[in-house]
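Here's a quick briefing for anyone meeting this structure for the first time. Have a look at the model, then read on.

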Amino acid sequence: MGVTCVFPVPVVEGCTSNQVIDSLKARLGLLGADKAGSWFVECEAFHSVKQNQENVAKMFYLMHSSECPSLSFSLLENDTCVVAENSINSIISKLSDFYLPRKGSKTEAKGSRFTLGDFIIKIGTITQASSFKGVVAEIHYAPCSDPLQCWCILDEFVRDILAVNVTLPSSPKTLVDKKSNLFSAADTIVQYLEIIKNTKRV
């Protein structure tokens with residue numbers, strides 16, 4: 001599976017998001033990276049019909065990824081991530097007495113995919129209801145599935161190879177697959193959700 005780090009790419013003053021993306025693509029081209037198609041991650045928020053004692057509706061997020069076309073990821077408020085086949089979508093649609101989609105919550109990250117040696121690089125934009133929210137990048141290092149062993153390699157790749165001036169988030173403290181304690185696609189989805197939530201706060 002490998003290990004993935006997802007992070008927002010700052011759009012510096014005087015530049016547009018397209019200029020930032022084109023600059024990163026150009027650098028990857030100079031480094032000899034091969035374009036390998038496109039990618040997307042979709043997210044939709046659902047809220048409970050009934051509120052709790054504090055008059056706050058419970059939330060969960062339903063997410064999909066082009067990397068795992070047969071799976072759906074349901075993320076709960078307590079940081080639990082449930083991975084299931086896409087048939088869960090039809091089940092959720094029948095829960096309208098309990099949960100409803102939050103209006104205008106559909107968010108999508110999408111862009112271009114590149115390969116460079118042991119790395120897969122994804123660069124794209126985040127949009128919510130066709131409104132631009134930010135630039136996002138994903139770096140995947142294939143040979144290792146233990147974040148503690150290779151997070152420094154991802155950090156070095158971003159700083160020295162991509163030359164992006166960002167501080168990567170810390171490596172995940174806990175992994176979704178606690179049985180194997182190895183990185184999985186669900187851990188990537190958890191990172192995307194955190195970034196999507198932060199873009200909505202801006």
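What follows is a short tour, from the overall fold down to a few single residues. Keep in mind that this is a predicted model. The protein chain has four helices and nine strands, and its radius of gyration of 18 Å is close to the 17 Å that the globule rule gives for 202 residues, so the chain is as compact as a globular protein of that length.

**Overall layout**
- Reading from the N terminus, the elements go β-α-β-β-β-β-α-β-β-β-β-α-α.
- Taken along the principal axes, the C-alpha atoms fill a box of roughly 55 × 45 × 30 Å.
- Out of 202 residues, 43% count as buried.
- The accessible surface comes to about 11,300 Å², and carbon and sulfur atoms account for 52% of that.
- Take the contacts between residues at least 6 apart in sequence: 59% of them join residues at least 24 apart.

**Salt bridges**
- Side chains of opposite charge can pair when their charged atoms come close.
- The count here comes to six salt bridges.
- One of them pairs Glu-138 with Lys-122, with the closest N and O atoms 3.4 Å apart. This pair links distant parts of the chain, since Glu-138 sits in strand β9 (residues 131–141) and Lys-122 in strand β8 (residues 119–128), 16 residues apart.
- Both Glu-138 and Lys-122 are buried.
- Glu-108 and Lys-110 also meet in a salt bridge, at 3.8 Å from N to O. Glu-108 is partly exposed, with a relative accessible area of 22%, and Lys-110 is partly exposed too, at 43%.
- Another salt bridge joins Asp-160 and Arg-159, whose closest N and O atoms are 3.7 Å apart. Asp-160 is partly exposed at 44% relative accessible area, and Arg-159 is partly exposed at 41%.
- Through shared partners, salt bridges tie Glu-67, Arg-113, Lys-122 and Glu-138 into one network.

**A nonpolar patch on the surface**
- Ile-91, Leu-95 and Phe-98 form a nonpolar patch on the surface, with about 290 Å² of accessible area together.
- Ile-91 belongs to helix α2 (residues 88–93) and is partly exposed, with a relative accessible area of 49%.

- Ala-186 lies in helix α4 (residues 185–201). Ala-186 counts as buried because its relative accessible area is 4%, and buried means under 20%.
- Beyond its neighbours within four places in sequence, Ala-186 is in contact with Phe-73, Cys-81, Val-83 and Val-176.
- Ala-186 and Ser-65 are 121 residues apart along the chain, yet their C-alpha atoms are separated by 9.9 Å.

Definitions and conventions. Residues are numbered from 1 along each chain as its sequence is written. This is a predicted model: local features need pLDDT of at least 70, side-chain atom pairs count only at pLDDT 80 or more; totals for chains, interfaces and linings use all residues. Side-chain values use heavy atoms; hydrogens and water are left out. Patches are made of residues with over 30% relative accessible area and no salt bridge: like charges are joined within 9 Å, nonpolar side chains (Val, Leu, Ile, Met, Phe, Trp, Tyr) within 5 Å. Accessible areas come from the Shrake-Rupley method with a 1.4 Å probe; for residues, only the protein chains shown count as cover. A salt bridge is a side-chain nitrogen of Lys or Arg within 4 Å of a carboxyl oxygen of Asp or Glu. Helices (H or I, at least four residues) and strands (E, at least two) are DSSP runs, numbered from the N terminus. Buried means under 20% relative accessible area, exposed over 50%, partly exposed in between (1.4 Å probe, protein chains only). The radius of gyration is taken over C-alpha atoms; the globule rule is 2.2 Å times the number of residues to the power 0.38. Contact means heavy atoms within 4.5 Å.
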